[in-house]
Amino acid sequence: MPYVMLTMGIFMLVAGFEKIQKDRKEFWGYMFVIVSIFIFFVSAQGFIVNA
């Protein structure tokens with residue numbers, strides 16, 4: 001499960017940066033980046049707990 005979340009976090013981070021580059025003040029681009037950082041945090045906790 002942590003691997004799936006890590007992959008989803010990478011996907012959302014890339015999508016967020018693409019949205020930010022297209023339109024400088026788009027809300028969803030920044031929201032994707034914030035959510036991806038949260039997903040990375042949860043994924044890291046999953047790796048630590050399962051180790």
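## Helices and overall form

Helices (H or I, at least four residues) and strands (E, at least two) are taken here as DSSP runs, numbered from the N terminus. The expected span of a helix is 1.5 Å times one less than its number of residues. Helix H2 (residues 27–50) has 24 residues, and its first and last C-alpha atoms are 35 Å apart, close to the 34 Å expected at 1.5 Å a residue.

This is a predicted model, in which local features need pLDDT of at least 70 and side-chain atom pairs count only at pLDDT 80 or more, while totals for chains, interfaces and linings use all residues. Residues are numbered from 1 along each chain as its sequence is written, and side-chain values use heavy atoms, with hydrogens and water left out.

The chain has two helices and zero strands. Along the principal axes, its C-alpha atoms fill a box of roughly 40 × 15 × 10 Å. Contact means heavy atoms within 4.5 Å. Of the contacts in the chain with a separation of 6 or more, 53% are between residues 24 or more positions apart.

## Surface and burial

Accessible areas come from the Shrake-Rupley method with a 1.4 Å probe, and for residues only the protein chains shown count as cover. The accessible surface of the chain is about 4100 Å², and carbon and sulfur atoms hold 74% of that. A residue is buried under 20% relative accessible area, exposed over 50%, and partly exposed in between (1.4 Å probe, protein chains only). By this scale, 24% of the 51 residues in the chain are buried.

The buried residues of H2 are Gly-29, Val-33, Ser-36, Ile-39, Ser-43 and Gly-46. H1 is included in what covers them. Ser-43, in helix H2, has a relative accessible area of 1% and is therefore buried.

Val-4 belongs to helix H1 and is exposed, because its relative accessible area is 56%.

## Nonpolar patch

Patches are made of residues with over 30% relative accessible area and no salt bridge; like charges are joined within 9 Å, and nonpolar side chains (Val, Leu, Ile, Met, Phe, Trp, Tyr) within 5 Å. A salt bridge is a side-chain nitrogen of Lys or Arg within 4 Å of a carboxyl oxygen of Asp or Glu.

One nonpolar patch on the surface consists of Tyr-3, Leu-6, Ile-10, Val-14 and Phe-47, which together have about 460 Å² of accessible area. Helix H1 (residues 2–22) gives the most to this patch, with four residues.

## Aromatic pairs

Rings of Phe, Tyr and Trp (its six-membered ring) pair if their centres lie within 6.5 Å; planes under 30 degrees apart count as stacked, over 60 as edge-to-face and the rest as tilted. The count by this rule is two aromatic pairs. The ring centres of Tyr-3 and Phe-47 are 5.1 Å apart and the planes stand at 70°, so this pair is edge-to-face. Because Tyr-3 lies in helix H1 and Phe-47 in helix H2, the pair ties together parts that are 44 residues apart in sequence. Tyr-3 is exposed, at 61% relative accessibility, whereas Phe-47, at 31%, is partly exposed.

Phe-27 and Trp-28 also form an edge-to-face aromatic pair, with 5.2 Å centre to centre and 70° between the planes.
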